[in-house]
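Please keep the sequence and the structure in view while reading.

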Amino acid sequence: SGIKLGERFIPTDLSGRVLVNYWGKEHSFIYKSAVDVMCDPAAAKDLKGKIVLIGTSALATYDQKVTPFSGNFPGVEDNATVVANIMLDNFNRKSPGTVEMVVIVLTGIFLGLILPRLRAISSASLAIGSVIFYVLLSCYLLIYQNLWINLIYPVTNMLTIFTIQTVIRFFHEERKAKEIRQMFSSYV
């Protein structure tokens with residue numbers, strides 16, 4: 001479940017990876033040129049007592065990483081972000097999966113019972129509103145609580161229930177229309 005580093009606990013997945021809490025685009029940390037630090041004693045003094053990572057940030061060095069903020073994120077800044085996450089203990093955490101299962105079951109029951117009783121526009125609004133609410137909730141939890149919950153299964157569940165209910169309603173209405181046409185054709 002994680003790595004113990006002194007008193008700190010670093011949550012990892014089964015492969016030893018962490019969910020990095022990125023601070024933003026490139027240059028979220030201070031960059032200093034190695035030449036400036038070696039040639040300027042004042043620049044070297046600024047680094048005293050600080051954590052310093054040495055690396056390259058130029059595109060031609062092929063140490064670029066893909067992150068949620070950039071396709072060309074310097075690898076050294078990626079490492080700096082991990083160090084900052086360790087120091088501040090603010091890694092993103094993955095939901096254990098029970099949240100998603102509860103959402104799937106509750107929305108399945110709720111939408112399965114309510115959608116057949118509503119008119120088409122109301123049922124579409126309720127289904128789309130449920131999806132939007134869940135997406136906004138997951139964004140809030142990720143941004144403000146550092147909790148990553150799965151979007152795919154609950155949203156797919158909601159959309160599948162809505163689609164199935166719509167198809168069932170369509171075939172039911174079509175059958176009713178056919179019966180009404182047959183009744184009127186026998187009278188006319």
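Helix α3 gives the most to the lining of the largest pocket, with six residues; helices are DSSP runs (H or I, at least four residues), numbered from the N terminus. The model is predicted, so local features need pLDDT of at least 70 and side-chain atom pairs pLDDT 80 or more, while totals for chains, interfaces and linings use all residues. Residues are numbered from 1 along each chain as its sequence is written, and side-chain values use heavy atoms, without hydrogens and water.

**Largest pocket**
- A pocket is an open set of points on a 1 Å grid over the protein atoms alone, where a 1.4 Å probe fits, with protein on both sides within 12 Å along at least five of seven lines; lining residues have an atom within 4 Å of a point.
- The space in the largest pocket is about 870 Å³, a volume being the space filled by probe spheres set on the points, which are joined across faces, edges and corners.
- Its lining has 24 residues, and Ile-30, Tyr-31, Ile-51, Val-52 and Leu-53 lie nearest the centre.
- Two or more lining residues come from each of α1 (34-39) and α3 (75-88).

**Second largest pocket**
- This pocket has a volume of about 290 Å³.
- Residues that line the second largest pocket include Val-18, Phe-69 and Asn-146.

**Contacts of Tyr-134**
- Beyond neighbours within four places in sequence, Tyr-134 is in contact (heavy atoms within 4.5 Å) with residues including Glu-100, Val-103, Pro-154 and Met-158.
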